[in-house]
Amino acid sequence: MNKNNVLLLKIVFALLAFAAGTGCLDRMIEPAKPDEKESRAQQQVLRVLYSNHEAGPEAVIDAMETYSRQTGIRIEVEALPYNNLQEKVFSELAQGKGTYDLIAVDTPWMPKVIEHLEPLSSYIKQSNHPDSIKLDDFIAKVFLDTSVFRLDSPQAEPPSLETVSLDGITSAGFEIWSLPIQSNALTVSYRKDLFESPQYREEFRRLYGRELEIPRTFDEYAQLAKFFTRDTDGDGKTDLYGTTLMGSRHEANFVDFKSFLNSFGGRLFDDDFEPAFQSKEGVEALQTYGSWINEYKITPPDVLTYTWDEVSVVFEFGKAAMGMNYHNMRLNPKVGGEVGYFMFPGTMESGALIRGPHFGSWGLAINRYSRQKEDAYALAEYLTSPQSQMGYLKFNHHVTRKSAYEQAQHITDPSLREYYRVLGDSLRVGVGRPRITNYEQVSDAVQSAVHEYLTGEKTAQDALSDAAAEVRGLMRQAGYHKS
């Protein structure tokens, strides 16, 4: 591992497998015995650029190893940390390099790199393995958000389809630019042992006159968080908090606020890409978010330093009864207890529950400058196939196909079964990132606004209005509107 923490993983009928975390575990898989595929393997190498953490590399690299053994095609994988990967992808494609044949693309990068990618509809039509591509098996919202764009206007929202179909996409003037390989959504992990405690259930019933149940709305969630925020050891200090949030000035903060905003019926932008998050829905969303921290104090006191990493640690060590994150959080064995999962809460409007958890996905895209596009497509099709995705379940990978989520309900571990059910349901109602070329700048502006409100520097309205003015200027600079 070099100074930039770059992992170089190579498969030559072999693979370096690594463990997630601060270190890495390297093991060499013995090469397959020479056979009739040997001459092909000697002539051909597919090069893949992938993430070393966020996009579930363990599962995908394991599948690449299997593919390499089955086909005799050598595969070299370079797996990088997120920021390094983004920089590498942008640099390689901007220079028109064909070094990598297949590239992992995070959805917000797509508007910037789409012109350097290979459209996939013709490959899908000519596929020799219809059971592998099976578009209608993908979760529609995930596929459309991750993979379906217009080359001349990547900001355009994809067609609304209940089931993915190639004709439905192309007849609406869109194209497929990647195949979804992994997807995350904001879900809630909770202490099932606390929720099911007879003592707590009786106390909650006495205080609130209703049963202690999984919350569906923000009001119900906040009530539960207040109830569980307490001093459990009698030393006069609060040691259990109701919930976690991601209050640091960070991308995690932005998607937290975005999830609240969506669930209050608000939007980041209107149809003309004018900022809309400073609306009354946006103000109410931010005030609700802030009240949990500053008014009700149902989050740990250092929550303004939390991102998804800190939230995991706090929940793991039993400091919170509920916690929001993009993966299934666990409890340290020393804490004991049992973890359950439920969907991000929402608001009631005209009798209907509105939920809008943030979700994001990774797709496998073909480098337009590759000289091995057909083989790169075949690999992408295999890695995202129903069979491969079912195999990903043993790695706890966040799959993107309906059949894989159905298969997940046969997992022995009841907690993991529950997580997959909640994740699948969340992906079907989630809201992705805006399709803009200056996403990072917009996110940064909103992060600042949220943090300014949480630290008391500005009111919710002033913070969001100031950020909206900044974002309006950023959108003008990026060419989305002239005035």
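1. A quick definition before anything else: helices here are DSSP runs of H or I with at least four residues, numbered from the N terminus. With that in hand, Gly265 follows α12 and has a positive phi, near 85°. Please keep in mind that this is a predicted model.

2. At 1.5 Å a residue, its 13 residues should span 18 Å, and the C-alpha atoms at its ends are 18 Å apart, which agrees.

3. Next, the packing of α12 (residues 251–263) on α19. Their axes come within 8 Å and cross at roughly 80°, which makes α12 roughly perpendicular to α19. Glu251, Asn253, Phe254, Val255 and Phe257 of α12 meet Tyr439, Ser443, Val446, Gln447, Val450 and His451 of α19. By class, this contact has six nonpolar residues, four polar and one charged.

4. Helix α13 (residues 280–295) also packs on α19 (residues 439–454): the two axes come within 10 Å and cross at roughly 45°. The pair are therefore oblique to each other, and α13 passes α19 in a right-handed crossing.

5. On the α13 side, Leu286, Gln287, Tyr289, Gly290, Ile293 and Asn294 meet Val450, Tyr453 and Leu454 of α19. This contact divides into six nonpolar and three polar residues, with no charged ones.

Key
Residues numbered from 1 in each chain as written. Predicted model: local features only at pLDDT ≥ 70, side-chain atom pairs only at ≥ 80, totals over all residues. Heavy atoms only, no water. Axes fitted to C-alpha atoms, helices over the stretch in contact; angles between N-to-C directions. Helix = DSSP H or I, 4+ residues; strand = E, 2+ residues; numbered from the N terminus. Parallel < 35°, antiparallel > 145°, perpendicular 65-115°, else oblique. Left-handed = near helix turned anticlockwise from the far one by under 90°. Contact = heavy atoms within 4.5 Å. Nonpolar A, V, L, I, M, F, W, Y, C, P; charged D, E, K, R; others polar. Expected span 1.5 Å × (residues − 1).
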